[in-house]
Amino acid sequence: MNFKKYRPFGQINIKERKWPSNVITKAPEWCSVDLRDGNQALEIPMNLEQKVFFFDYLVKVGFKTIEIGFPAASETDYNFTRYLIDNNLIPDDVAIQVLTQSREHIIEKTMEAVKGAKNVVIHLYNSTSTLQRNVVFNFDMDSCVELAISGAKMIKEYIDKDDSDTNYILEYSPESFSGTEPDFAVRICDAVLDVWQPTPDNKAIINLPETVQLSTPNIYADQVEYFCTNTKWRDSIKVSLHTHNDRGTGIASSELGMLAGADRVEGTLFGNGERTGNADIVVLAINLMMQGIDPELDFSHIDEAVYIYENSTSMVVNERHPWAGKLVYSAFSGSHQDAINKGMAALKNKDEFWEVPYLPIDPMDVGRSYEPIIRINSQSGKGGVQYVLDQYFGLKLPKSFLVNFLPVIKAETDSKSIELTPQQVFDLFDKTFINLYSPYELISFREISHDSKYAAVEAVIKYNSEEKKISGTGKGLLDAFVNAFTKETGIKFTINMYNEHAMKSGTDSTAITYIEIIGDNDAKVHLGAGVSTSVTKSSIRAIISAVNRMI
């Protein structure tokens, strides 16, 4: 790769930066730009119905500022703005935000578009980076500042003349801030603020866009801190962030920008936007939640957010997308499955905080169930198999059964190159261990007598197609049955392990018994399981299953 044609981005000269030691303790003010930045990046932009549908959802989850478009640049955006206002679709506590360039005819149409709205953010911008000034606009710093000032003055004049009840909030973006000299960014923003004259009680918004990511996110944080420290209007403005994702660190840039002093964050659901997109507000919000901070946005039904997004934009949320992808709460790796299984078990004894290995949040907090957490394929281990059988069917397999069953799982998944559903896992366990009927089968079983020292039984067993009555005595029912079976068949073995439990709660519980036997001939351990509504019968069936697997 031709790396020599690129040069590293320069460092920001901050002698004693403070942001690395800061901690985020509260949510920022959020602004969704899905309907402007996100929409303009779609191959097929949203129609009016889709925009209204999306707008209503953004309101529902808690956004108080929603950038709805660029009314002067598009008749579609203009009509949408008027549709929301004329049909009273904007709640009183929600502000719409509209974008405008520093041109008189554009500002005029923008102000016309928002007439009658209760709360409006007028978002003025012009590009300020060295590259844009030199290559695109071919003007110097003074000309760039003059363009910004002229737009700020025009907007102020329109607002001063407006005798309506509209609450105007002013926002300025030095677009391409990430490529702008830090001192020039302060200069041009302060010049705009000198026109608008905000106060601590009536703040303006200065939005600092990482329009194109040019560096690691720590440098963007330095840029933000430099601005916050050097602007003369800090107590009268809200510092806002608008990060893109060219280098894949849009979320990190926003989080570090908050550490650097920002009060507000603009972004989109699932990171939609130009090129590689914007900072993902869903991820940012849930990141706050997992730190014990109220995100002030409600994504407790994450699948609804995915549905709204995919049906409105025709984009797809990747299966591995943080917090929202279909597979992000699933574990296939055996070691991960074992850790999750143990973590979920340990959680039952805790009252306060969520702590489960590999699951930084409880899936149920975003509306997901525990069902898909552990998935069984060729990479799975004992912990995963145990979790699935326990979670779905109430089976608590002894270790020897897990060790013996895992190769069966791997052989099945390897040979067919598939993932097994929980039902398929159970069916495979059933086929391998439970109530095996060949060559021996238990037809009936009757207890003749039983006390603390002595038991006698009669049973009917079938060998291939022939039924035989057997009887025997012993120290207990199982011992009596083993003696009767051995006397009839000549197959000698001893019971090495016995374990049983109910498969589900209630008076009609089904019992499952796990048996290990050791054959006299081979001295090896053989496993079998039995299921019945009777514990005694499930135990006898387990013995028969183990014998059938031995011979």
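The entries below follow what I looked up in this model, which is predicted.

**Entry 1: the largest pocket**

I went for the open space first. The largest pocket comes out at a volume of about 770 Å³. I count on 39 residues for its lining, and those nearest the centre are Glu29, Lys203, Ile205, Lys238 and Arg264. S5 has the largest share, with four residues. By class I noted 20 nonpolar, eight polar and eleven charged residues in the lining of the largest pocket.

Ile206 is the one in strand S6. Is Ile206 buried or exposed? Its relative accessible area is 0%, so I put it down as buried. Setting aside neighbours within four places in sequence, I listed what Ile206 is in contact with: Tyr172, Cys189, Leu193, Phe227, Ile237, Lys238, Val239 and Ser240. I also checked a distance from Ile206 to Thr25: the two are 181 residues apart along the chain, and their C-alpha atoms are separated by 22 Å.

Lys153 sits in helix H6. Its relative accessibility is 43%, so Lys153 counts as partly exposed. From Lys153 I ran a line to Asn349, 196 residues apart from it along the chain, and got 64 Å between the C-alpha atoms.

**Entry 2: helix H14**

On to H14, residues 399-416. The helix has 18 residues and reaches 26 Å from first C-alpha to last, close to the 26 Å expected at 1.5 Å a residue. Where in H14 does the kink lie? I found it at Phe405, about 25°, shortly before the proline Pro407. Phe405 is also one of the buried residues of H14, together with Phe401, Leu402, Leu406, Ile409 and Thr413. I looked up what the buried residues of H14 pack against, and wrote down helices H13 (382-393) and H15 (422-433) along with strands S12 (493-502), S13 (511-519) and S14 (525-532). After H14 comes Ser417, with a positive phi near 50°.

**Entry 3: helix H17**

H17 (535-550) was next. I have 16 residues for H17 and a reach of 23 Å from its first C-alpha to its last, close to the 22 Å expected at 1.5 Å a residue. The buried list for H17 reads Ser538, Ser539, Ile540, Ala542, Ile543, Ile544, Ser545, Ala546, Val547, Asn548 and Met550. Those buried residues pack against H15, S9, helix H16 (477-489), S12, S13 and S14.

**Entry 4: the enclosed cavity**

How many cavities of 30 Å³ or more are there? My count comes to one. The largest cavity has a volume of about 40 Å³. Its lining is Asn435, Leu436, Tyr437, Glu441, Leu442, Arg541, Ile544 and Ser545. Strand S9 (440-450) and helix H17 each give two or more residues to this lining, and H17 gives the most, with three. Ile544 and Ser545 line the cavity and are also on my buried list for H17. By class the lining of the largest cavity splits into four nonpolar, two polar and two charged residues.

Last, the backbone. Most residues other than glycine have a negative phi, and most peptide bonds are trans, so I went after the exceptions. The peptide bond from Ser438 to Pro439 is cis, with omega near 5°. Pro439 is in the loop between H15 and S9.

Which way does phi of Ser314 go, positive or negative? I read it as positive, near 65°. Ser314 is in the loop between helix H11 (302-313) and helix H12 (334-347). With a relative accessible area of 62%, Ser314 is exposed.

Ala523 has a positive phi too, near 55°. I placed Ala523 in the loop between S13 and S14. At 59% relative accessible area, Ala523 is exposed.

Methods. Residues are numbered from 1 along each chain as its sequence is written. This is a predicted model: local features need pLDDT of at least 70, side-chain atom pairs count only at pLDDT 80 or more; totals for chains, interfaces and linings use all residues. Side-chain values use heavy atoms; hydrogens and water are left out. On a 1 Å grid over the protein atoms alone, a cavity is a set of points where a 1.4 Å probe fits but cannot get out, and a pocket is an open set with protein on both sides within 12 Å along at least five of seven lines; lining residues have an atom within 4 Å of a point. Grid points are joined across faces, edges and corners, and a volume is the space filled by probe spheres set on the points. Ala, Val, Leu, Ile, Met, Phe, Trp, Tyr, Cys and Pro count as nonpolar, Asp, Glu, Lys and Arg as charged, and the others, Gly among them, as polar. The expected span of a helix is 1.5 Å times one less than its number of residues. The bend at a residue is the angle between axes fitted to the seven residues ending there and the seven starting there. Buried means under 20% relative accessible area, exposed over 50%, partly exposed in between (1.4 Å probe, protein chains only). Contact means heavy atoms within 4.5 Å.
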